[in-house]
Amino acid sequence: MSNRNFSNYLTGTSIIIGAILMLIATLLHPPLVNPYDGKTAFQGFSDADFWMWDHILMLIATSLWLIGLAGSEHFFANRSKSAKLGSCLFFVSLSLWIFILAAELTALPILGEEFIKGRNRVLLELWQAIFSLGLLAGYFAVMCSWLGICLYGWSLKQTHTDLPSLFTKGAFFSGLIGVIGILLTFLSFNMGYILIPLTSAPPYLWSIWLGWKIMENGYLNE
């Protein structure tokens, strides 16, 4: 296997495995969408049997997925400014996720356990404040990812006229739909239970499609 083919395989595999693990970690995670509903969030934390393992899995998954997506910019035949900006946004998203998941793997479990032992109200309020910050930052992290895919689609549309229209337009419009879904969720967090799965599914699935194309034959470089 040539260096180029190995690089293609590694990048595409990173995207696909990361995306699949993200789905598993998300399904295991308590369904929380409102960063200002600390009471429900703490109940979800208390009832979660796999909190630590789930967030470790999520950290691995997001790292694989976002590093793969950011690195896939190198496979574009003409690395436009929009593709480079999209790649930067994936790194921004990854940085936010590392911050969020680090807090959820350290501060939240420690504070939560201490509150359960002593019922200190201050600890509960601190737990809720950290949770609120993390979930709100998570929305911005996801929005950066979908905006990155949107920019990738714009770059592909401008520089890869040989690619199927469904692939290039699908990237642009699915990413845009994902961003709009996050913005609409800010208007009513309760709508997030419906909006987020519906609007995030298209760019998520497109990212797997991208990973497959790169892993299969580095088609974007042809």
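Begin by selecting E125, which counts as partly exposed at 45% relative accessibility; the class partly exposed lies between buried, under 20% relative accessible area, and exposed, over 50%, with a 1.4 Å probe and protein chains only. This is a predicted model, in which local features need pLDDT of at least 70 and side-chain atom pairs count only at pLDDT 80 or more, while totals for chains, interfaces and linings use all residues. Residues are numbered from 1 along each chain as its sequence is written, and side-chain values use heavy atoms, with hydrogens and water left out.

R121 and E125 are separated by about one helical turn because they are four residues apart in helix α6. Helices are DSSP runs of H or I with at least four residues, numbered from the N terminus. R121 counts as exposed, at 52% relative accessibility.

How many salt bridges does the structure hold? There are two. To see the other, select E114 and K117, whose closest N and O atoms are 3.9 Å apart. Both residues belong to helix α5 (residues 107-118), where three residues, about one turn of the helix, separate them. E114 is partly exposed, with a relative accessible area of 39%, whereas K117 is exposed at 67%.

**The nonpolar patch**

Next, display the surface and select I17, I20, I24, L28, F50, W53, I56, I60 and L64, which make a nonpolar patch of about 860 Å². Helices α1 (3-28) and α3 (51-71) each give two or more residues to this patch. A patch of this kind joins nonpolar side chains (Val, Leu, Ile, Met, Phe, Trp, Tyr) within 5 Å, from residues with over 30% relative accessible area and no salt bridge. The accessible areas come from the Shrake-Rupley method with a 1.4 Å probe, and for residues only the protein chains shown count as cover.

**The largest pocket**

Now select T26, W97, V142, I196 and S200. Of the 32 residues lining the largest pocket, these are the closest to its centre. The volume of this pocket is about 1100 Å³. A pocket is an open set of points on a 1 Å grid over the protein atoms alone, where a 1.4 Å probe fits, with protein on both sides within 12 Å along at least five of seven lines; lining residues have an atom within 4 Å of a point. Grid points are joined across faces, edges and corners, and the volume is the space filled by probe spheres set on the points. Helices α1, α3, α4, α6 (121-159) and α8 (192-217) each give two or more residues to the lining. The largest share, eight residues, comes from α6.

Select S93 in helix α4 (residues 81-105). Is S93 buried or exposed? At 0% relative accessibility, S93 counts as buried. Leaving aside residues up to four places away in sequence, S93 touches L66, A141, C144 and S145, contact meaning heavy atoms within 4.5 Å.

Finish at G181, found in helix α7 (residues 165-187). G181 is buried, with 0% relative accessibility. With residues up to four places away in sequence set aside, G181 touches L195 and T199. Select N34 as well: the C-alpha atoms of G181 and N34 are separated by 15 Å, and the two residues are 147 residues apart along the chain.

Technical notes:
Patch = residues over 30% accessible without salt bridge, like charges linked within 9 Å, V, L, I, M, F, W, Y side chains within 5 Å. Salt bridge = Lys/Arg side-chain N within 4 Å of Asp/Glu carboxyl O.
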